[in-house]
Amino acid sequence: MDEIIRQEIYKEADRYPVQAVPWDKIRERALDNTAADTNFQRNAAIRKICCSFAAVVVIGGLVILSGFISPVIARALEQIPVVKSVFDFYGEKWGLQNAINEKFSTTVKKTATDKNISVTITDVLYDQGRIVIGYTVTTSRPDLYLKDTLPYAIPLPIAEMHFFINGEAIRDTRQGTAERIDNGNVEVWNIYHQGELPESFNLQIEIRQIGDQYGEWLFTVPVSRQYTDEATRTFLPMKTWMIGQTTVTVKQVQICPTDIVIYYQTIQPVGAQFWDSYFPDRIVDDTGHNSYFGPGFSSVVSEQIEGNTEIREIRVVLAASLKNIPEYLIFAYPDQEMKVFFN
């Protein structure tokens with residue numbers, strides 16, 4: 001990044017007086033606590049930031065006045081390499097590696113820009129368990145992405161993303177994670193939808209605030225389960241066991257390209273503790289090597305009372321990239337293990 005900015009400044013040598021200070025001296029003075037130039041002193045609070053940001057800090061102090069950014073610096077910052085695929089950042093951790101390998105995810109690369117902040121959707125995945133969106137949030141304004149000096153802080157948080165189908169909001173629960181990059185963030189969101197969604201539709205995404213900046217970032221992204229549905233296998237094991245006062249039945253298991261979707265039924269006395277440890281500590285496949293602790297979601301699909309018992313239908317989604325359909329899954333509890341066969 002230093003080299004990009006340096007070259008841009010040299011190209012504009014006749015137009016911008018900043019070239020009166022040689023590049024090496026700029027960096028030397030930026031990191032010198034004794035430097036008297038007030039423009040450099042403005043950056044004293046962020047001198048301890050990692051060296052990869054040093055050039056931007058210096059240029060910020062020299063040419064950013066009341067939010068104004070030199071076109072030279074803005075153009076240089078825009079040349080910072082763009083993340084091509086957010087899914088590559090998260091791979092196996094978020095159950096995405098199989099989708100990447102088998103081309104189940106869709107490359108989107110749509111960008112919306114407002115207030116000099118760009119949101120770029122890079123990848124989308126849709127299967128029976130979830131919709132996954134990978135995107136970046138970047139800016140050419142160092143005053144936005146360098147204002148927090150903590151290396152683990154996310155400088156451009158999206159206040160809220162709203163999702164719609166044909167103008168109607170999707171009922172969903174979300175999980176996300178983000179990592180900092182040189183000029184912003186790289187992020188992935190899991191959208192666990194409630195209720196049935198069409199096999200294919202245009203997902204409308206609306207963003208109105210990023211950090212303390214209000215604006216409009218709107219997208220229409222086509223999503224489809226066609227290929228993930230073709231690779232999904234559904235089993236009806238109807239396996240039952242007791243956990244405390246709760247009778248647990250695994251009624252259906254879907255092995256998707258990036259998820260395991262489990263449909264439980266629980267039956268217990270009226271008034272008994274609902275979360276009576278019906279869900280196992282871990283689930284492993286028939287090899288015993290694959291554990292599923294990653295991102296997941298649990299929701300009550302329905303519940304009713306019959307006599308003195310409460311009956312609930314529960315749906316659980318676990319992030320998992322299974323390369324092969326297992327013969328069975330092992331549901332491991334502290335004091336017992338249950339095998340759920342798929343024959």
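The legends below describe close-up views of a predicted model.

**View 1. The protein as a whole, with its helices and strands.** The predicted model contains nine helices and 18 strands. Of its 343 residues, 50% count as buried. The protein exposes about 17,000 Å², and carbon and sulfur atoms supply 49% of that area. Among contacts between residues at least 6 apart in sequence, 60% join residues at least 24 apart.

**View 2. The largest nonpolar core.** In soluble globular proteins, nonpolar side chains tend to be buried together. The largest nonpolar core here has 29 residues, and those touching the most other members are Ile133, Leu203, Ile205, Ile210 and Phe219. At least two residues of this core come from each of the strands β1 (106–114), β2 (117–126), β3 (131–139), β4 (161–165), β8 (200–210) and β9 (213–224). A second, separate core comprises 23 residues, including Tyr264, Ala320, Phe331 and Phe342.

**View 3. The surroundings of Ile133.** Leaving aside residues up to four places away in sequence, Ile133 touches Phe87, Ile121, Asp123, Phe163, Glu187, Val188, Trp189, Ile191, Leu203 and Ile205. Of these, Leu203 and Ile205 are also named with Ile133 among the residues that touch the most other members of the largest core.

View 4. Strands of a sheet pair through backbone hydrogen bonds, either parallel or antiparallel. In this sheet the order is β5-β4-β8-β9, and the pairing is antiparallel. Because β5 (168–169) and β9 stand at the edges with a single partner strand each, one side of each has no neighbour in the sheet.

**View 5. The pairing of β4 and β5.** These two strands pair in the antiparallel sense over two bridges. Phe164 stands opposite Ala169 in β5.

Note on methods:
Residues are numbered from 1 along each chain as its sequence is written. This is a predicted model: local features need pLDDT of at least 70, side-chain atom pairs count only at pLDDT 80 or more; totals for chains, interfaces and linings use all residues. Side-chain values use heavy atoms; hydrogens and water are left out. Helices (H or I, at least four residues) and strands (E, at least two) are DSSP runs, numbered from the N terminus. Buried means under 20% relative accessible area, exposed over 50%, partly exposed in between (1.4 Å probe, protein chains only). Contact means heavy atoms within 4.5 Å. Accessible areas come from the Shrake-Rupley method with a 1.4 Å probe; for residues, only the protein chains shown count as cover. A nonpolar core is a set of buried Ala, Val, Leu, Ile, Met, Phe, Trp, Tyr and Cys residues joined through side-chain atoms within 4.5 Å. Two strands pair if DSSP finds at least two bridges between them.
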